[in-house]
Amino acid sequence: MRSGYLHCRRFPIADLGQPQPLDSKSMSMKSKSAGMQRRAYSRKKLNQETAGRKTLRAEVIVVGGGPAGSVLAWDLSRRGVKVLLIDRARFPREKVCGDYIEPRGLRLLDQMGCLKNLEGDSPLPITHSATYVNSERCYQGKIPFYGLHEDLPPHGYIVPRERLDHLLLETAARAGTEVLENTYAHGFSVERDGVYIHTERNRRRDRYRSDLVVGADGVNSVVARSAGLLVEDPRHIALSQRAYAEGFDGKLGEAAFFFDKDFFPGYGWVFPMAGGRVNLGVGISSETCQRQSIKIPALFNTFLKKLQRSHPRCLKLRLCGPPIGGIVKTYGGAGPNYFTRGLLIGDAGCFVDPMTGEGITPAMESALIAAPIILNALSKASFESEDMAPFEAEFRRYFDPSMVFLDLCAASLRNTHFKNSWLHAVARGCEKSQRDPHYARTLGACFGGLEINPPGILSQIWVGMALELVTLGPRSVAAFFEAHPSPMFQGMRDIIGWQSDWWNSLLADPLWHFQWSLDLERKWVHALAVMKDAVADPRAQGLA
C-alpha cells in the first residue's frame, strides 16, 4: 500500500557543508533471493580475525545500533567523518517497542531515503484512534491532529523494530560507517591521545580509539554509566510488556488506547498491522510498580483479558509468542547528556515522550541535534566538556517547549490516589473531543500530538471550567425538568472527589505526598518559565 505522502516535498536534515544526497536507487534493497536480502549487506565489515590484533582508529565511535546510533552514524558518515558503530547484537534483532512511527518520524525516514523501502512492505496506515476508559469506549474517530501539516504525512506506521533498526543500520553502513556487531562495550576511558572503548567479542577483549564516543546504547547505557550520567530515578522510568498477536478482526488503521484503574498511571495499547496482526502491550510507571508491588507479567495478563472482553475486534486474538518486557527512561530525567569527549543520545539520554513513552522519533531527532556539535568539535580538534556543552543548550531549545509540559502532565498523574478522578476526567474529555474537533486537536495533543501548545491547552481547560460555572444554573434547571442527574450535583461530587483524593494521599504517606507536591510545584515553575517565551513547538517544524 503506497502512501500519498510520497508527493510531499523533501527537506534537508541539517545545513552543514554541501553533502551529496543519497541516490534513491542506491537505497533500494534488491537482491536475488530472500535469503540474500537479509544478509547481503553492502556495509563494510571488520574482519573478525584482525579485530583483536589492531587498534582501529575512528574519529567517532557510536555505541548502539538502534535508531539514534544509526541515524547519527549515517549523518556523520555522509559528511566524511570516519565512524565506527559497535553493537552487542547481531542484526536483524528483536526489540521491545510499540513499533509506532508517527508522522514526524516518517518525515525523517523520508529525508534519509528509507521511507519508500519501508512502504514496499505495504504497512497499514494508522489514521484513526479509539480510547477506552475502564473498558468503556469513550472516543472513536480520526486522529484529530493528523493531516494538519503539509510537510507531514497524515498517518503513522507500525514497523517492527527488527525491520526498522536493520534498515537504518544498513543505511548508515552504505554511507560509510564501519559496523562491528556481536561486540559488547564494557566502558570507556579518556587518555591523552583520545577516548578508548573497551570491548569484548567472542571472549576476546579489545580497545578502539577515537576522538569522541557517543552513547546510543539504550536505557542501561554502558557509556552513560561510565560517564557518571546514568539515570536511575523511578519517577522517570516506565516498565512495559509487549507481544505480537494475530486474529485481529478489522482492516482499519485504528490505534486503540486503554486507561484503567488496574494500570494507572500507565496505559495499554493495540496497534494494528497488515494481515490481521497487532502489536499490543501495557506500560506503567516504575515508581508505581515499586510502591504497590506490581508485577508487569501479571499486569499484561490482566490487560489481555480485559482487552478481549472490551474491544470488539480482539475477541479472537492469539499471541504469536510469549510477551517480552522493556524499559524506557523519559525526558523528565534527562541530564546534561554531555561529558569530555562524548555525548548521550536516544534512550541513553532519556529522549522519550513522558506521556506516551514513544522514543523512536525523539531518538532520531537527538542524533541529528548531536551531529553539528560533533562536527564543530572535530573541526576545532577540541573535545573538552565545554566543547560538548552546546549539545544540552540545543536539545533543550528543541525539546523543552513540548517535553517540559508533557513531563508536568506525567508528574501530575504519578499520585495513584487520584486515579478515579483522573480517569473520570479523561472519560469526560474524550466525550467532549467526540463532539468538538478543536478541543480534540488542542487538548488531545497531550497524548501523541504533533504540535504541543501548552498555553492553548491550559486556556482550553480554563475556558471549559468557566463555561461549566456560567451554565451550571441553567443546565441544572433543564436537568430537573428532564429528570436527569443535576450538573450541580455532579460538579460538587467531582470537587469533593479531588479533595478526598488529596487527603487520602496525605494521610497514607505524608512524606511521599510532600515530596510529590514539591516536585509538582518545581515542574510547574519550570513549565511556566518555558511557556513565558511562547515559542512554537520546534518539533512540528522538524530539523530542517
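This is a predicted model: local features need pLDDT of at least 70, side-chain atom pairs count only at pLDDT 80 or more; totals for chains, interfaces and linings use all residues.
Let's start in the loop between helix 9 (360-380) and helix 10 (385-388), where Ala381 sits. Most residues other than glycine have a negative phi, and most peptide bonds are trans. The points below visit some exceptions, along with one helix.

**Positive phi outside glycine**
- Ala381 is exposed, with a relative accessible area of 58%.
- Asp99 also has a positive phi, near 70 degrees, and is a residue other than glycine.
- You can find Asp99 in the loop between strand 3 and strand 4.
- Asp99 is buried, its relative accessible area being 0%.

**Cis peptide bonds**
- Phe91 and Pro92 are linked by a cis peptide bond, with omega near 0 degrees.
- Pro92 lies in the loop between strand 3 (83-86) and strand 4 (100-101).
- Phe264 and Pro265 are joined by a cis peptide bond too, and here omega is about 0 degrees.
- Look for Pro265 in the loop between strand 13 (254-259) and strand 14 (266-272).

**Helix 3 and its two ends**
- Helix 3 spans residues 103-112 and is mostly covered, with 10 of its 10 residues buried.
- Among these buried residues are Arg104, Arg107 and Asp110, as well as Leu106, Leu108 and Leu109.
- After helix 3 comes Gly113, which has a positive phi near 85 degrees.

Terms used: Residues are numbered from 1 along each chain as its sequence is written. Side-chain values use heavy atoms; hydrogens and water are left out. Buried means under 20% relative accessible area, exposed over 50%, partly exposed in between (1.4 Å probe, protein chains only). Helices (H or I, at least four residues) and strands (E, at least two) are DSSP runs, numbered from the N terminus.
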